[in-house]
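The report that follows is meant to be read slowly, with the picture beside the text. Please look at the chains before going on to the sections below.

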Amino acid sequence: MKLLFTLCSIIILIFILAALPMTLHDDSRSTKDNEFRFTPRAGLEAVKDYFIGLKSGETFHYRQGSDREPSFFRDIGSYLMSSYFYLVVSGLIAVVVSLIIGAWQAKSKQEWAKDMLGFLGVIPDFILVLLLQLAVVSVYQSTGIHVAKVASSSTDNPAILLPIITLSVIPVIYLIRTLSEQTFEVLTEDYILTAKSKGISRLSIYIQHVFRNIIPSLKADLHKIAAIMMGNLFIVEYLYNTRGVTGLMFIEGDYQYNLIVNGLLTLVILYLFFYWSMRLFVFGLERIFAYE
Amino acid sequence: MSKGKRINWRLWSGMILTAFLFFVAIFGPAMAPYDDDYEEKIVYVQTDQGSELKAAPFPPSSKHWFGTDKYGHDLLTLLLHGAKYTVFTAIIVALGRLIIGGAAGFFGGMHRAEKVKGKNQFGVLGAFPAFLIVYFVMLGMNINSSLSPWQLTVFQAALMTAVGIPGVYSVIQSKTIELRKKLFVTAASSLGGGTSHLIWKHLFPHLKGNLIALFVNEIIATLALIGQLGIFNLFLGGTIKQFVPVIYFSKTHEWAGLVGQMRGFVFNAQWILFFPLCAFILAILSFYLLSRGLELRERAAMHKFPHI
């Protein structure tokens, strides 16, 4: 019930948001009248046209270039798969890496390691992308070694390594922070002291007591992780030029309300797919570490 | 406690760098070597074979310390002129988020029933990337706008404040709920202290360290948000779009906007991207060091130790 309510409000939010560029308008170069205009009517028209167009299917066509009007459903499957692939691979890497590093880092007193991690964590996604691209190019120019593709040049030749690094680094940093805090808390508990005094090996304590007690907080963080990664997806797909769902939103040319709404709705579906895939993975982890 | 006496170098370097940023933001335009509309398209260079014609972009030299962009603008000048928009907008937005979200969070936390603790009321807004909201609001009005850079900056700052309030609210609210269970709050309350008395005299002093750290983190988050919009050509203070060929310029030369505008110079003339990128990272680094320094100072008091 709650999920349904949330979904409905997100969908309404999407319809309103996408109509805003027509409602709040000020473009002196194209309309000749130099003033800021607030025209809710134009926004409402767009929403109305969207629903009228549903019947004829016009809603699901968009303009590409000057004369082509392909159907939205023609390519969306492959876009969706591409975005989903990047998200899930990076998400899985993020969870595994952060579980290991988080457990190891919990007791570390080395403040410089936390400094580095923390600084990596506050670096915005686009800075990370640009730095990685600059690094790859300068390595290539000075040594001639082609480390990774800087951006996709075509559909058949997608950049894979750098987008996945970028997409996983940001959730990894976030997760390491929360998980290492959580691990620290667990390590201070009395049952760990009991286990230690019984002579149980360190590895067994980690597997039997520590991991199973931090998995719930991982589960609680999944929505947050998914949301962070979806936000990063826009930047990553745009700067690496990978063909994904978010790319639909930044097509050069006039603003296309129907296309934006359809794209955003697809993103909601992508989010749900992605979230439930991660949920399934954590469920698998529970079966390994927290079975009865 | 020998550790406590050690100099908190993060705090000090953070403060020095932030002071430097403020200095640049205030006196930058006065120090700039050229006017902000100065263009040096071509120069004659004396070589062995006589004079030679060279066109922008020019790499870093004694004449242009950071080089020039493709159109001959001196990059150092652009950065010095844009600093004020970056620094002050980020600080004002963070302050706004903290004051509004914090006040609401304190009162919300004091009045909230304990059972529902942990539930996020702003679930929908929280799952929605903040930058999308600002993006769609600004998209129609930011490009070739008739509004002045200041009007657009103020408008976008207000918007960025609004989208950040829920986050601050839920942090402060959950901390308040945690704190109000403490004995000293119960004691003060049973002696007849009202809600605002409890907040001002007991909760606020207790959370002061957290609030300052949160403030610095919000500054960084705001910088990131401005930058993300810049990547999609919505520069703070307005975008100038030229049509044939399609090129986007930042009106204010704000740092994150410059990074977005120059993002294409990855393969050649990298200094055009490199220096704005460095300036932006420097801004983030100074605020980050400040926040870490404050965090370490606060944490020294309460410490737990792991058993293994």
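## Terms and numbering

Angles between two axes are sorted into classes: under 35 degrees they count as roughly parallel, over 145 as roughly antiparallel, 65 to 115 as roughly perpendicular, and the rest as oblique. The axes themselves are lines fitted to C-alpha atoms, for helices over the stretch in contact, and the angles run from 0 to 180 degrees between N-to-C directions.

This is a predicted model, in which local features need pLDDT of at least 70 and side-chain atom pairs count only at pLDDT 80 or more, while totals for chains, interfaces and linings use all residues. Residues are numbered from 1 along each chain as its sequence is written, and chains are lettered from A and ligands numbered from 1 in the order in which they are written.

## The two chains

Chain A has ten helices and two strands, where helices (H or I, at least four residues) and strands (E, at least two) are DSSP runs numbered from the N terminus. From the N terminus on, the elements of chain A come in the order α-β-α-β-α-α-α-α-α-α-α-α, and its C-alpha atoms fill a box of roughly 80 × 60 × 40 Å along the principal axes. Of the 292 residues of chain A, 35% count as buried; a residue is buried if 20 or more other C-beta atoms lie within 10 Å of its own, exposed if 12 or fewer, and partly exposed in between, with C-beta atoms placed from the backbone.

Chain B contains ten helices and four strands, which follow the pattern α-α-β-β-α-α-α-α-α-α-β-β-α-α along the sequence. Of its 308 residues, 44% count as buried. Two residues are in contact if their C-beta atoms, placed from the backbone, lie within 7 Å. Among contacts in chain A between residues at least 6 apart in sequence, 73% join residues at least 24 apart; in chain B, residues 24 or more positions apart account for 74% of the contacts with a separation of 6 or more.

## Where the chains meet

The contact between the chains takes 50 residues from chain A and 44 residues from chain B. On the side of chain A that touches chain B, the largest share, ten residues, comes from helix 9 (202-240) of chain A. The residues of this side divide into 31 nonpolar, ten polar and nine charged, where Ala, Val, Leu, Ile, Met, Phe, Trp, Tyr, Cys and Pro count as nonpolar, Asp, Glu, Lys and Arg as charged, and the others, Gly among them, as polar.

## The nonpolar core

In soluble globular proteins, nonpolar side chains tend to be buried together. A nonpolar core is a set of buried Ala, Val, Leu, Ile, Met, Phe, Trp, Tyr and Cys residues joined through C-beta atoms within 7 Å. The largest such core here has 147 residues, and those with the most contacts inside it are Val134(B), Tyr135(B) and Ile220(B). Helix 9 of chain A gives the largest share of this core, 18 residues.

Leaving out residues up to four places away in sequence, Val134(B) touches Gln156(B), Leu159(B), Met160(B), Val163(B), Leu225(B) and Leu229(B).

## Helices 9 and 10 of chain A

Helix 9 of chain A and helix 10 of chain A pack at an angle of about 175°, with their axes 10 Å apart, and the two helices are therefore roughly antiparallel to each other. By class, their contact has 15 nonpolar, one polar and four charged residues. Among the residues that meet are Ile207(A) and Phe211(A) in helix 9 of chain A, and Leu267(A) and Tyr271(A) in helix 10 of chain A.

Ser217(A) also belongs to helix 9 of chain A, and it counts as partly exposed because it has 16 C-beta neighbours inside 10 Å. Apart from neighbours within four places in sequence, Ser217(A) is in contact with Thr178(A) and Gln182(A).

## Two residues with positive phi

Most residues other than glycine have a negative phi, and most peptide bonds are trans. Asn233(B), although not a glycine, has a positive phi of about 65°; Asn233(B) lies in the loop between helix 8 (195-231) and strand 3 (239-242) of chain B, and counts as buried because it has 21 C-beta neighbours inside 10 Å.

His253(B), also a residue other than glycine, has a positive phi near 60°. The loop that holds His253(B) runs between strand 4 (247-250) and helix 9 (255-261) of chain B, and with 26 C-beta neighbours inside 10 Å, His253(B) counts as buried.
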